[in-house]
Amino acid sequence: MRVTAGERVMKPRIFTVLLTALAIAGCSSGTKLLKDPKPLEVSPPLAQGANGRIAASIDAVIVRNGHGAWARDADWDEYLIRVHAVSDEPVRITDVAIFDALDTRVASVADRGRLVEASRETERRYQKSGQLVKSQVHGGWMLAGGAAATVAGMGIAYSVASASAMGSIMGGTAAASSASGAVMVLPLAAVVGGAYFAGRGIVRMVNNAQVNGEIQRRQTVLPVAMSRGESARLDLFFPLTPLPSRVEIVYADAGGEQRLAIDTRTALAALHLDPTPTLEHRENPEFPKSAERAGIERGYVKAKLKLDAEGNVREVEILESVPPEAFDGAAIRAFWRWQYSKGNYDNRVVDASIEFKR
């Protein structure tokens, strides 16, 4: 038995479905700015490096739907890097790049569309090489690195499903209209359907433009000049890059072009892995009256719960119940009220169980 959030409410009438489709266009628009961004947690630098001319630290990396994220389902990584000039000569930071697990150089990009395409390219490169480890697939890479393709695919699937549903609705409505003489119902449905898809596309374009503007506002413009003792905080966007091997800072001083490499193989190995959810709030159900009347003394229910990024239960799938179905209803109602720790991704899965004893 599987129960999703959508099945907790009764199915609306056909006309309500058509109107709701237009409203859904505003909340199914892919990447968009968040009204309440997750605050960035203060922590020690993730990795550091120095060479006598400059010292640098990777203070944080904002990943898809993680702490500090200001856009939903972002198809990029945002690196916050601090560089400090330690030599007597002035220096100019001219470029910063990261190197992926295949030692391919990945450049910083300040454009949403190019970040999405570059993230897809990174995924193709990793898959072709066969270097994609299993833990990354289950821990986040397919949700993160595959996000550009996955999100687009979901959008297409949703559109096709919606179009199919509307076709069924229109077909049924048209048949009823022929019998009643109300020949204007089908054109009205077609207009609503067209408005839905047009509205959805417009909302997506507006959201993408807003996100792109924020990326360009936040991105540090290079080069950045520094004198001895000065520091610069760099905010740079890169395509999704799991298991990055190093960050390379390119700068120039009196001796010409120089480079500082910061090894990130260990520090950022778990960058795109989601932590195991922990149960923060649990409600235990009362012993069902129906089981009591049936003379049942004890039992249990085991289930698989699907969580969103906020730790809310979005789907309950019963795996085992003893006695069969005796406690399913009470267990499901309790599972819906359980709360888990927040994570970086939707559709996290945990196993859960409830024991019943009279």
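Which residue forms a salt bridge with E117, and how far apart are the closest N and O atoms? The partner is R120, and the closest N and O atoms are 3.7 Å apart. A salt bridge here is a side-chain nitrogen of Lys or Arg within 4 Å of a carboxyl oxygen of Asp or Glu.

This is a predicted model, in which local features need pLDDT of at least 70, side-chain atom pairs count only at pLDDT 80 or more, and totals for chains, interfaces and linings use all residues. Residues are numbered from 1 along each chain as its sequence is written, and side-chain values use heavy atoms, with hydrogens and water left out.

## Overall build

The protein chain has seven helices and 15 strands. Both are DSSP runs numbered from the N terminus: helices are H or I with at least four residues, strands are E with at least two. Of the 358 residues, 42% count as buried. Buried means under 20% relative accessible area, exposed means over 50%, and partly exposed lies in between (1.4 Å probe, protein chains only).

Contacts are heavy atoms within 4.5 Å. Among contacts in the protein chain with a separation of 6 or more, 73% join residues 24 or more positions apart.

Helix 7 spans residues 328–335 and is mostly covered, with six of its eight residues buried. Those buried residues are D328, A330, A331, I332, A334 and F335.

## Salt bridges

Side chains of opposite charge can pair when their charged atoms come close. The count comes to 22 salt bridges.

| Pair | N to O distance | Relative accessibility |
|---|---|---|
| R53 and D253 | 2.9 Å | R53 33%, D253 11% |
| E117 and R120 | 3.7 Å | E117 38%, R120 26% |
| R259 and E257 | 2.8 Å | R259 48%, E257 52% |

R53 and D253 meet in a salt bridge. R53 lies in the loop between strand 2 (47–50) and strand 3 (54–62), and D253 lies in strand 9 (residues 246–253), so the pair ties together parts that are 200 residues apart in sequence. R53 is partly exposed, while D253 counts as buried.

E117 and R120 both lie in helix 2, three residues apart, about one turn of the helix. An α-helix has 3.6 residues a turn, so residues three or four places apart point the same way. E117 is partly exposed, and R120 is partly exposed.

Some charged residues join in a group: R64, R72, D73 and D75 are linked in a network of salt bridges.

## A buried arginine

R112 sits in helix 2 (residues 112–129). Leaving aside neighbours within four places in sequence, R112 is in contact with W76, N208, V211, N212 and I215.

## The cavity

Rolling a probe the size of a water molecule over the atoms shows where empty space is left. A cavity is a set of points, on a 1 Å grid over the protein atoms alone, where a 1.4 Å probe fits but cannot get out; lining residues have an atom within 4 Å of a point. Grid points are joined across faces, edges and corners, and a volume is the space filled by probe spheres set on the points.

The whole structure holds one cavity of 30 Å³ or more. About 60 Å³ of space lies in the largest cavity. Its lining consists of I62, V63, R64, A69, W70, A71, A74, W76 and E78. Seven lining residues are nonpolar, none is polar and two are charged. Ala, Val, Leu, Ile, Met, Phe, Trp, Tyr, Cys and Pro count as nonpolar, Asp, Glu, Lys and Arg as charged, and the others, Gly among them, as polar.

## Two loop residues

L46 is in the loop between helix 1 (14–24) and strand 2. L46 is partly exposed, at 34% relative accessible area. L46 and A60 are 14 residues apart in sequence and 6.5 Å apart in space, C-alpha to C-alpha. Beyond four places in sequence, the contacts of L46 are I58, D59, A60, V61, A267 and L268.

S227 is in the loop between strand 7 (224–226) and strand 8 (231–239). At 38% relative accessibility, S227 is partly exposed. S227 and E89 are 138 residues apart in sequence but 6.8 Å apart in space, C-alpha to C-alpha. Not counting residues up to four places away in sequence, S227 touches A85 and P90.

Terms used: 1 Å grid on protein atoms, 1.4 Å probe; cavity = no way out; pocket = protein on both sides within 12 Å on 5 of 7 lines; lining within 4 Å.
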